[in-house]
Amino acid sequence: MTVFLQNLINALQWGSFYAVIAIGYSMVYSILMLFNFAHGDIFMTGSYIGFGVATGLMALSAAGVIALPNWLILVLTLLISMVLTSFLGMFIERVGYRPLRDAPRASAAITGLMIGIILETGNLILLGAQRIKFPALVEPVTYDLGGVFVTNQKVLIVVVSLSLAMALHQFIRRTRWGMAMRAMAFDYVVVPLMGVPINKIAAMTFALGSGLAAAAGILFGVAYPVLDPYMGIVFGWKAFVAAILGGRGSILGATLAGFILGFIEIFVAMVFPSTLRDFIAYSIILLILVFRPYGLFGEPYSVRLRL
Amino acid sequence: MKKVFVVSVLLLASLVMVTAAVAQKAVTLKIGINAEITGDIPKVGEATKFAAQMWLEDVNKAGGIEVGGKKYKVELAIEDNESKAESAAKAATKLITVDDVIAIVGPQASKQAVPAGEVCNNYKTPMITGWSTNPNTTKDRPYVFRACFLDDFQGPALSIFAKGEYKFTKAAVLYDVASDYPKGLAEFFKKDWEKKNGPGSVVAYESFTTKDTDFSSQLTKIINSGAEFLFTPQYYNEVPLIVQQAKQLGWKKPILGSDSWASDELVKLCGKDCNGFFFVSHYASAGAKGATKEFIDRYKSKFGYVPDDVAALTWDAIGLIGQAIKNAGTITGDVKKDREAVRKALANTKNFPGITGTISFPPGSGDPIKCANIVKINDKGEFEFYKTACP
Amino acid sequence: MSTPKDIQSTPRRFGRLWRFFQEVPLLGWLTGALAAVLAEQFVGLDLAHLVDLPKIPVLFGFENALKKPELIPGTVLYILMIYLAPTLLVGRLLQLPANRVAGFLARRWPVASVVFHLALLYAVLHIWSDINDYRVIVVKITLIAVMLTLSLNVINGYMGEFSCSHPGFMALGAYAGSVVTIVLFTNSSMYGPAVLPPAIGPYLFPVALFVGGCVAAVGALAVAIPSFRTRGDYLAIISLAFTFIVKSLIENLEIVGGPRGMRGQPDWSNLPVVFVCTVVCVAVINNFVRSTHGLALNAVRDNEMAAEAMTINTQRTKMIAFLFSAFWAGVAGVLFAHVLRYVNPGTFGLQQLAEVLAMMYFGGLNSIYGSIVGAVSINLMSEMLRPLEIWKWILIPLLLILVMIFRPTGLIAFRDFDPVRLIQPKGKERSKLEA
């Protein structure tokens, strides 16, 4: 039982990463119908930006310019990096995706892939091959709850991820911008004719998605403090899986799919020999899709491939 | 018309320059470097490149390598294999047939080293890898060598140490199933441990996949298996994550590691969490003496960090080649003959004083005989020599 | 020396230049290229020394230009004199006889004409790569990439889905083919002595290729059956999951070496074999996409419901195309394994996937030309820009982004590939042929 509970907590933490990254991916995917293959690398860049901001703030604090407690540094790092990465996302949208708005979707996927490679290589050139340790903004404290170990980091990560997901959900449901986004997701062709500014919505979608990726990157840095330029690739592809698994146009679906992916990976390793983890985990996903081909919350739709 | 005139004058000028320059050509020895500069493991490529360049500097300061009473200048031809098997084979072919290298150092990772070894063996060009522990790399290939020790020696060395030092009987192993080095080591360790402590004495044998960062599920299993220590033959960038997560899940027992822990980065990334653990290493950077210390200090002052095992092994690999060239007798200028001579000299290497230990190649094999050091990470986070284990 | 002067001409004059060459048939160009590579074979080294190059420039001199700028004039001179001048001169000089021969062949034996052209193309490749073994391996890997890209184009271009399973198919093919050749024809430490005499092995290599292709096609069923129930992006993740699954499966199969991989494939993927396979692959895929099946496939892509209404069995059409594509990816995998003579599950991962996708979309959707151009240009580029080291991976992606922005469907998209038309004579002979 303790093993099960422990793994439940592990899976919550792991799943919340996938969830936050998948939401960002799902935004772009649902609203603009794009495979954003640069998303994993935006996540990586967000993490590095977070590293830069955090180190800077800590240096300021240590030099006595402004005395900041660690929790405030974390909050500031989160906010500043999210904003900076949002600009990066908007820039990527402007140069890599907007010119291809009317092109086949796959062309934009390729520009995304290439922008990802440029981000990775650029990072390698700028910072060298050295891996980077993310500063310990949250000193880990372990609580022993009758054999089940919980750290304050885990709690923090799950809480922040869930609140981000909820905030985004509210934004999409309650605000005019959110309504415009939902409308775009519903019909890509007619809605712009109704006066919805398509470029603004696209830029905003990318900004939100990238901001979330940055948040995930910083939370990742807190929990797994080793950063390297290629760390985003796997996350990008897994977010892709989770976004589609969740269903098009569903923030809740993407959140849930992220958690499901995390739970599958953790619990498969618990029950089966861990050597077979990927094999079994992805077979389960295959099976889910056989029975729910439009994802968990997706409505059947027909993609008009713009060829 | 004017343009035509200008162009023809330029062409003529270049032709004249050409003929003037043809005459002055001396034999320079080229050594190929086939490294993973981009791709999954850029750090490995960087260390390879840096160590090789440092070596080259030394050699050229001395005026080149002296063979048979004559000094020859040395050049490096560096190729990136992008951490891809086919690119490594291409790079090796290019180094051999285009650049006419006399010998090749690298690739370092087995995924690249095995196909590149095939190419080098076919073209009868000596190749030496610093890091690849896959038996396939050198097996039945008289032209391929390595500078590191093999898994089948390192695994048992560790199990003997754990048994002798702590009197443990129950072991847990956590390794990367998709990467051949950790997997091979884990298997050899398990085999040896179960031979000594009876079947089932490896109570948890868990794995993950390359690039994973969360090991909580596997570690939970390990913690609940009643193991007395954890052996994890992983790379230094993964070890900090494993150690930190284990501690956060309540693990308080020792963790043992392999030679892939040996990097300054380990301590930087791990903080205090790794202090007190043991691992097997080619060399210990703290308290190193003689040539090893000199190498570490120079590398550190030049590139800003303490060299990892790749750098040290590359240094030895290229040093072995340098020595072999020296021992080759004469340089004929016919690169095929020279390669043959270098291979012969390399195969006959006896007691080469490397910084990772004394290296000899047994007859008919490219796998060196060398001793391993057991190293402790002390409270200051330095790698301290603890014990030697010899085959 | 008319060539440098021509290069000097203003863009306006290019029109005249083009007219000067416009009646040269493919046969003429091929003969010209043959003359060029023969010239390189016989006088290349002397000429290289003459212009102060230490060796014959390996891949059109990019290496020299990027590493030692002082060699640029010599390299340019070399390229002009060895490649450009003979090709243009011989091509133009032989315009008349080449047209006659091409016309004669096209009227009498169209098949022989195709074979003749292919033989010439092979001769050019063979002689060119004979200079240096590095060229051989570059050509081999490039041809294999052509096969992979083409087969991916069947799904992603002609069928209009987004499949990510090509590394998986390739891995299945590579492993299945390797097991066949290693078990049957080699004495290996893994599977013991050879079952059949190794001497007959090369003749039975097609069997291994076929087995590899078939295993990949069977694997493709695992993707096709669940994903064809609906239209949408689900093929994308199902195929991605498939790639992960195959990789994980091979890592766990100790019998094929696990993560250590498998070594000792016999050296049968030589240049002629790879060339023949590529030609067969291009021919078969081209026939497939131009057949009723291929047209049905296009119909399914453009409007599945309408296609269904026009009595196309969409499920069957998609299934056949998918298995067909997987088959060729498997064959490419077998060849790949026998070129490197080593396979390892790590090779068939996300990096491979990104590469194949890039080559395919760069070259162009729905086009055989496109796939050939995409695979060849990206492969050659990544070899020629080697001296840039890490900057190569900034430059190539930038170039791809630019191409995508200005030609969103790829360089040469939606172009019909008609080999018979390609090898036709030009000018008067053509009118004769058409009459």
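Two residues are in contact if their C-beta atoms, placed from the backbone, lie within 7 Å. The exercises below apply this criterion to a predicted model.

**Exercise 1. The contact of chain B with chain A**

Task: Determine how many residues each chain gives to the contact of chain B with chain A, which element of chain B gives the most, and how the residues on the side of chain B divide by class.

Solution. Step one is the count under the 7 Å criterion: chain B gives 27 residues to the contact, and chain A gives 26. Step two assigns the residues of chain B to elements, and those giving two or more are helix 2 (42–61), strand 8 (202–208), helix 8 (216–223), helix 9 (239–248) and helix 10 (264–270) of chain B. Among these elements, helix 8 of chain B gives the most, with 5 residues.

**Exercise 2. The contact of chain C with chain A**

Task: Carry out the corresponding analysis for chain C, stating how many residues are in contact, which helix of chain C gives the most, and what the classes are on the side of chain C.

Solution. The count comes to 38 residues of chain C in contact with 40 residues of chain A. On the side of chain C, two or more residues come from each of helix 11 (234–252), helix 16 (350–363) and helix 18 (392–406). Helix 11 of chain C gives the most to this side, with 11 residues. By class, the side of chain C that touches chain A holds 27 nonpolar, 7 polar and 4 charged residues.

**Exercise 3. A helix pair in chain A**

Task: Find at what angle helix 6 and helix 8 of chain A cross, and which residues of the two helices meet.

Solution. The axes of helix 6 (residues 176–186) and helix 8 (residues 198–223) of chain A come within 10 Å and cross at roughly 100°. Because angles of 65 to 115 degrees count as roughly perpendicular, helix 6 of chain A is roughly perpendicular to helix 8 of chain A. The residues that meet are A:Trp177, A:Ala180, A:Met181 and A:Met184 from helix 6, and A:Ile201, A:Met204 and A:Thr205 from helix 8. Sorted by class, the residues of this helix contact are 6 nonpolar and 1 polar, with no charged residue.

**Exercise 4. The fold and domains of chain B**

Task: Describe the secondary structure of chain B, compare its radius of gyration with the globule rule, and state what separates the centres of its two domains.

Solution. Chain B has 13 helices and 15 strands. Its radius of gyration is 23 Å, close to the 21 Å that the globule rule gives for 391 residues, so chain B is as compact as a globular protein of that length. Along the principal axes, the C-alpha atoms of chain B fill a box of roughly 85 × 50 × 35 Å, and buried residues make up 58% of the 391 residues. Of the contacts in chain B with a separation of 6 or more, 67% join residues 24 or more positions apart.

The domain assignment gives domain 1 (28–148 + 290–360) and domain 2 (151–281 + 374–389) of chain B, and 30 Å separate their centres, taken over C-alpha atoms. The contact takes 7 residues from domain 1 and 10 residues from domain 2 of chain B. The side of domain 1 that touches domain 2 divides into 2 nonpolar, 3 polar and 2 charged residues.

**Exercise 5. Domains and selected residues of chain C**

Solution. The domain assignment of chain C gives domain 1 (3–130) and domain 2 (133–420), with 31 Å between their centres, taken over C-alpha atoms.

Key
Residues are numbered from 1 along each chain as its sequence is written. Chains are lettered from A and ligands numbered from 1 in the order in which they are written. This is a predicted model: local features need pLDDT of at least 70, side-chain atom pairs count only at pLDDT 80 or more; totals for chains, interfaces and linings use all residues. Axes are lines fitted to C-alpha atoms, for helices over the stretch in contact, and angles run from 0 to 180 degrees between N-to-C directions. Helices (H or I, at least four residues) and strands (E, at least two) are DSSP runs, numbered from the N terminus. Angles under 35 degrees count as roughly parallel, over 145 as roughly antiparallel, 65 to 115 as roughly perpendicular and the rest as oblique. Ala, Val, Leu, Ile, Met, Phe, Trp, Tyr, Cys and Pro count as nonpolar, Asp, Glu, Lys and Arg as charged, and the others, Gly among them, as polar. The radius of gyration is taken over C-alpha atoms; the globule rule is 2.2 Å times the number of residues to the power 0.38. A residue is buried if 20 or more other C-beta atoms lie within 10 Å of its own, exposed if 12 or fewer, and partly exposed in between; C-beta atoms are placed from the backbone. Domain bounds come from an automatic or database domain assignment.
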